[in-house]
Amino acid sequence: MLGLYLIFVRMEPFSDEYFMKEALKEAKKAFDLDEVPVGAVIVSENRVIARAHNLTELLIDVTAHAEMQAITAAANHIGGKYLSDCILYVTIEPCPMCAGALYWSQISRIVYGASDEKRGFSKNGSPMLHPKTTIVTGILENECSELMKTFFKNKRN
């Protein structure tokens with residue numbers, strides 16, 4: 001008799017994938033607002049303390065990137081400017097401006113989905129991040145990059 005084996009892929013709560021899915025929800029909000037679809041969440045002690053997405057068009061503000069909005073919200077939440085015990089999950093590699101803000105916030109870890117070949121901070125040649133900050137890349141990379149590709153494809157049509 002042949003046994004039936006089912007394999008379930010379970011996403012662990014509090015995994016990088018779990019929190020990146022939360023960042024993707026934010027990116028989809030930006031997409032729906034006709035903003036460049038970048039989403040971010042900041043996590044402390046396995047809890048999302050800040051959620052944000054790009055708002056540069058709505059706010060008419062070139063600095064209103066998802067990461068910048070999330071940093072401000074997280075700092076307000078914890079009542080201090082240093083995010084040394086926090087993790088940023090962002091769908092696309094931060095730009096140099098956002099990397100600079102992340103440096104000053106002393107965030108402990110940055111997890112991003114897809115690289116930004118044109119404007120990502122790592123293309124600059126210098127790390128631009130706090131020496132104690134660790135970086136993880138490629139989490140849900142395909143989903144993150146597909147949303148961005150779809151957005152710009154729609155813009156060209």
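In the legends below, a residue is buried at under 20% relative accessible area, exposed at over 50% and partly exposed in between, computed with a 1.4 Å probe on protein chains only. Helices (H or I, at least four residues) and strands (E, at least two) are DSSP runs numbered from the N terminus. This is a predicted model, in which local features need pLDDT of at least 70 and side-chain atom pairs count only at pLDDT 80 or more, while totals for chains, interfaces and linings use all residues. Residues are numbered from 1 along each chain as its sequence is written, and side-chain values use heavy atoms, with hydrogens and water left out.

**View 1. Overall arrangement of the protein.** The protein contains 5 helices and 5 strands, which follow the pattern α-β-β-α-α-β-α-β-β-α along the sequence. Of its 157 residues, 43% count as buried. Contact means heavy atoms within 4.5 Å. Among the contacts with a separation of 6 or more, 58% come from residues 24 or more positions apart.

**View 2. Helix 1 and its buried residues.** Asp16, Phe19, Met20, Glu22, Ala23, Leu24, Glu26, Ala27 and Ala30 are the buried residues of helix 1. They pack against strand 1, strand 2, strand 3, strand 4, strand 5 and helix 5. After helix 1 comes Asp34, with a positive phi near 65°.

**View 3. Packing of helix 1 against helix 5.** Two packed helices are described by the angle between their axes and the distance between the axes. Axes here are lines fitted to C-alpha atoms, for helices over the stretch in contact, and angles run from 0 to 180 degrees between N-to-C directions. Helix 1 (residues 16-32) and helix 5 (residues 141-156) pack at about 5°, and their axes lie 10 Å apart. The two helices are therefore roughly parallel to each other, a term applied to angles under 35 degrees, with those over 145 roughly antiparallel, 65 to 115 roughly perpendicular and the rest oblique. From helix 1, Met20, Leu24, Ala27, Lys28 and Phe31 meet Glu143, Cys144, Leu147, Thr150, Phe151 and Asn154 of helix 5. The residues of this contact comprise 7 nonpolar, 2 polar and 2 charged. Ala, Val, Leu, Ile, Met, Phe, Trp, Tyr, Cys and Pro count as nonpolar, Asp, Glu, Lys and Arg as charged, and the others, Gly among them, as polar.

View 4. Two strands pair if DSSP finds at least two bridges between them. The 5 strands form an open sheet in the order 2-1-3-4-5, with mixed pairing. Strand 2 (47-53) and strand 5 (134-137) are the edge strands, each pairing on one side only. From one strand to the next, the twist averages 15°. Helix 1 packs on the sheet and touches strand 1, strand 2, strand 3 (86-92), strand 4 (109-114) and strand 5, with its direction at about 140° to that of strand 1. Helix 3 (residues 66-78) also packs on the sheet, where it touches strand 1, strand 2 and strand 3; its direction makes about 145° with that of strand 2.

**View 5. Strand 1 and its partners.** In a regular strand the side chains alternate between the two faces of the sheet. Both faces of strand 1 are covered, with Gly39, Val41 and Val43 buried on one side and Ala40, Ile42 and Ser44 buried on the other. Strand 1 (residues 39-44) pairs with strand 2 in the antiparallel sense over 6 bridges. In strand 2, Ala52 is the bridge partner of Ala40, Val48 that of Val43 and Arg47 that of Ser44. The two strands form a hairpin with 2 residues between them, and Glu45 in the turn has a positive phi of about 50°. Strand 1 also runs antiparallel to strand 3, to which 5 bridges join it; there, Tyr89 is the bridge partner of Val41.

**View 6. Selected loop residues.** Most residues other than glycine have a negative phi, and most peptide bonds are trans. Ile60, in the loop between helix 2 (56-59) and helix 3, has a positive phi near 50°. Ile60 is exposed, at a relative accessible area of 77%. Leu140, in the loop between strand 5 and helix 5, likewise has a positive phi near 50°, but Leu140 is buried, at 16%. His130 lies in the loop between strand 4 and strand 5 and counts as buried at 17% relative accessibility. Apart from neighbours within four places in sequence, His130 is in contact with Tyr103 and Gln106.
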